[in-house]
Amino acid sequence: MCYIKSITTIRFIICILLINSSQLSYAQTTKEKEKTWMLSYFRQRYPTRIEINDRGETVEVPLPDPMLVAQLHIALSADGRHWVPLNDNKPIWERHMRDQFIQRGVDGLWRLIATGGDGNAEARKNFGPTCTYATSKDLIHWQFEQSLHLMKDVRDESGALVRNIWAPEYFYDETTKEYTLLWSSTFKDAGWKESKLWYCKTTDWKSFTTAKVLFAPPYSVIDGTLIKHKNLYYLFHKEEEFGARTGERRGIRLATSNNIEGPYKIYEGPLNKGQIAPVITEGPSVMKDPVKPGWLLLYDYPMADDFGISSSPDLFHWTIEKDVIMPPDARHGSVVQLTAEEAKALRKAFPNNK
């Protein structure tokens, strides 16, 4: 007899059934072809859950069946709620990275930035941590450009460099013709401790302005993602607070500003005293809703091996979507709309064989 041993196995079987289903075959309708979206992600099942006890001590609670495939994966969807992984949910580029963010530049070139760099110990000692920068003309063939030392000119009172550059993203502003890069960094010994969102600007991806603080709320913050709608900037982010002092506050929040550089006003959402998605969630990304007016917010439950999606008519009031299918073990995705030709080429280059 054959026994299903884990929820992950069940999800994988469901995903494969969908891939082979004639109802969700790649012979899409014209309407679906006009609205193909791409999700880029890496795969992980956390090895531990970090907690802080009433004495302020960090405790790591083991989690079952850990795994990590820190490489670029891609899934496609017509409705933003049901995602089919390409290449049998295996990497489409095997360079080490996490938290991949991909968008099309105004010049038509696809640009990727991600957590993780080249691992050069001497460069890290002198200039601090890096993030990965890569480009592609077709989303199939990728060219590594460089590891970016975005925090090389920033030090704390003791002269120390930051310890990390996490979840970098970028936003192109049509009015200034500048790319604004944003990410989280901290000077503490763990990336989630007293973290802030930072930013710098570039026009050519060769020279970058000195990093400055973008958002420093009264809580530790990581995983910022930025969109602009009707002249208002929406900064979705993860509040990274937990433990006996604060309670469990690892969840998605929202702040807004009339200026990309801030100041940002924190929106007091209805969940968990200010949040807009359940705990424990992270890695938010936002997209237009393909099936009705409004927006979708995607986020993952990193310690529960799950992924969530909420919908909103106005970017402030969110409802959790119940009918959702995501690639097994997907973590920290970014989303972007493709042309029908681009989606077709990706399916041909990275077919599912199972």
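**Terms and values in this structure**

Biologist: Which residues does His229 touch, not counting residues up to four places away in sequence?

Modeller: In this predicted model, His229 touches Tyr234, Trp295 and Leu315 once residues up to four places away in sequence are set aside. They are called contacts because heavy atoms come within 4.5 Å. His229 itself lies in strand β14.

Biologist: What makes His229 partly exposed rather than buried or exposed?

Modeller: The relative accessible area of His229 is 24%. Buried means under 20% and exposed means over 50%, with partly exposed in between. His229 is therefore partly exposed.

Biologist: How far apart are His229 and Val336 in sequence and in space?

Modeller: The two are 107 residues apart in sequence, and their C-alpha atoms are 16 Å apart in space.

Biologist: What makes β6 and β9 edge strands of their sheet?

Modeller: That open sheet of 4 strands has the order β6-β7-β8-β9, with antiparallel pairing. β6 (98-104) and β9 (142-148) each have a single partner strand, so one side of each is left without a neighbour in the sheet. The twist from one strand to the next averages 20 degrees. β8 (residues 131-136) is joined to β9 in the antiparallel sense by 6 bridges, and Tyr133 stands opposite Gln146 in β9.

Biologist: Which residues touch the most other members of the largest nonpolar core?

Modeller: This core has 21 residues, of which Met38, Trp142, Leu338 and Leu346 touch the most other members. At least two residues of the core come from each of β4 (67-77), β7 (110-115) and α4 (340-349). Another core lies apart from it and has 19 residues, including Val154, Val162, Tyr172 and Ala211.

Biologist: Why is Glu282 called buried?

Modeller: Its relative accessibility is 10%. Glu282 is found in strand β18 (residues 282-288).

Biologist: What makes the approach of Glu282 to Lys238 a polar contact?

Modeller: The two side chains make this contact at 2.7 Å. Beyond four places in sequence, the contacts of Glu282 are Tyr46, Asp223, Lys238, Ile252, Tyr299, Asp300 and Pro302.

Biologist: Why is β22 described as largely enclosed?

Modeller: Of the 8 residues in strand β22 (residues 330-337), 7 are buried, so the strand is largely enclosed by the rest of the structure. Strand β1 (residues 37-45) runs antiparallel to β22 and is joined to it by 6 bridges. Ser40 stands opposite Ser334 in β22.

Biologist: Are Asn87 and Glu194 buried or exposed?

Modeller: Asn87 has 17% relative accessibility and counts as buried, because buried means under 20%. Glu194 has a relative accessible area of 57% and is exposed, because exposed means over 50%. Asn87 is not a glycine but has a positive phi of about 55 degrees. Phi is also positive in Glu194, near 45 degrees.

Biologist: Where does pLDDT stay under 50?

Modeller: One such stretch is residues 1-5, for which the model has 3 contacts beyond four places in sequence. Over residues 18-33 the pLDDT is below 50 as well, and that stretch has 17 contacts beyond near neighbours in sequence. The protein chain averages a pLDDT of 92, and 90% of the residues score at least 70.

Key. Residues numbered from 1 in each chain as written. Predicted model: local features only at pLDDT ≥ 70, side-chain atom pairs only at ≥ 80, totals over all residues. Heavy atoms only, no water. Core = buried A, V, L, I, M, F, W, Y, C linked by side-chain atoms within 4.5 Å. Buried < 20%, exposed > 50% of the residue type's maximum accessible area, 1.4 Å probe, protein only. Pairing = 2+ DSSP bridges. Axes fitted to C-alpha atoms, helices over the stretch in contact; angles between N-to-C directions. pLDDT = per-residue confidence, 0-100. Polar contact = N/O pair within 3.5 Å; in protein donor to acceptor, adjacent residues only side chain to side chain.
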